[in-house]
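Trainee: I would like a close look at a single part of this model, please.

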Amino acid sequence: MYKLLLVMLTRLTEPDRRTRARGVFEGARGFVLALAAASVVDASAAWALEALTLTFPSRILVALAPLPGNLALIALVLRRVRALDEFQRRVHLDAVVIAFLATGVAAFIYGYLRKAAAVPPLNAVHVWIFMSVTYGIGYAIAARHYR
Amino acid sequence: MKNRLRVLRAERDWTQAHLASLVGVSRQAIVAVENGKYEPGLSLAFRLARAFGKTVEDVFVWEDSEPAGV
C-alpha cells in the first residue's frame, strides 16, 4: 500500500514534460478537482467522527482517511511549483519565507500569551489559516518588490 | 548588472509577452529582468541572448566598481 502511494507521489511530483501524456489531474482544473475530492473526504471524516459512534480503531481509520487525498494535493502543488520559471519560483520563495517567519513569530507570541492566560486554547486549523493569509500577503509584497 | 533587453526588444519590435514565449518564461520575469529587479540565472541569460542572436556579454553588462582579485 505504502509502496503504491510512494510510486503515485513520485509520478505526480515529476516536472511537467510536454511529451508526457496529460493526466486527469493536470493543470488548474485538475487541481480544483483533486481539492474538491479531498475536501469531500475531509468533511465526511469530520462528520463521521462527530455523528457516528465508532470503536477506537475505526475512529483512527476515519481520522486518517483524509491523509491520502491531502498527500496527493501536496504532490500536485509540488508539481505545479516545479513547472514554474525561475522568477516565479523566486516570488513564491519570498512568499513562503514571509509566511514561515510570520507564523513562527505568531506562534511564539501566542505561546507567551497562553502562559499569561490571556488567550484561549487554539484550534490547530487556525495556524494553517494564518499561514495561508500571510503567504498571500507575502506573495503580494514579493510581486510588488520585483515589479 | 545592467542589461540591454529593452533596447534589443524595441529594435525588433517584440512585445514582452513575445520574448517571454520565445525563452519559455512568464511575462513578469521579462518585466523584472528589464527593470533590473531580478538577475536571471545562467540558463535564462543564455536563452535570452540566443533569442536576440547575441552573446550573453552583449545583453548583460557586469558593472564592477572595483577590479576583482587585484
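Trainee: Is B:Leu19 buried or exposed, and how many other C-beta atoms lie within 10 Å?

Mentor: First, the conventions. This is a predicted model, in which local features need pLDDT of at least 70 and side-chain atom pairs count only at pLDDT 80 or more, while totals for chains, interfaces and linings use all residues. Residues are numbered from 1 along each chain as its sequence is written, and chains are lettered from A and ligands numbered from 1 in the order in which they are written.

B:Leu19 is buried, because 22 other C-beta atoms lie within 10 Å; the cut-off for buried is 20 or more such atoms, exposed is 12 or fewer, and partly exposed is in between, with C-beta atoms placed from the backbone. Helix α2 of chain B, residues 16–23, holds B:Leu19; helices are DSSP runs of H or I with at least four residues, numbered from the N terminus. Leaving aside neighbours within four places in sequence, B:Leu19 is in contact with B:Arg9, B:Trp14, B:Ile30 and B:Ala51, where contact means C-beta atoms, placed from the backbone, within 7 Å. B:Phe46 is 27 residues from B:Leu19 along the chain, and their C-alpha atoms are separated by 13 Å.

Now the contact between the chains. Chain B puts 11 residues into it and chain A seven residues. On the side of chain B that touches chain A, helix α3 (residues 27–34) of chain B gives the most, with four residues. By class, that side has seven nonpolar, three polar and one charged residues; nonpolar covers Ala, Val, Leu, Ile, Met, Phe, Trp, Tyr, Cys and Pro, charged covers Asp, Glu, Lys and Arg, and the others, Gly among them, are polar.

Conventions:
Contact = placed C-beta atoms within 7 Å. Helix = DSSP H or I, 4+ residues; strand = E, 2+ residues; numbered from the N terminus.
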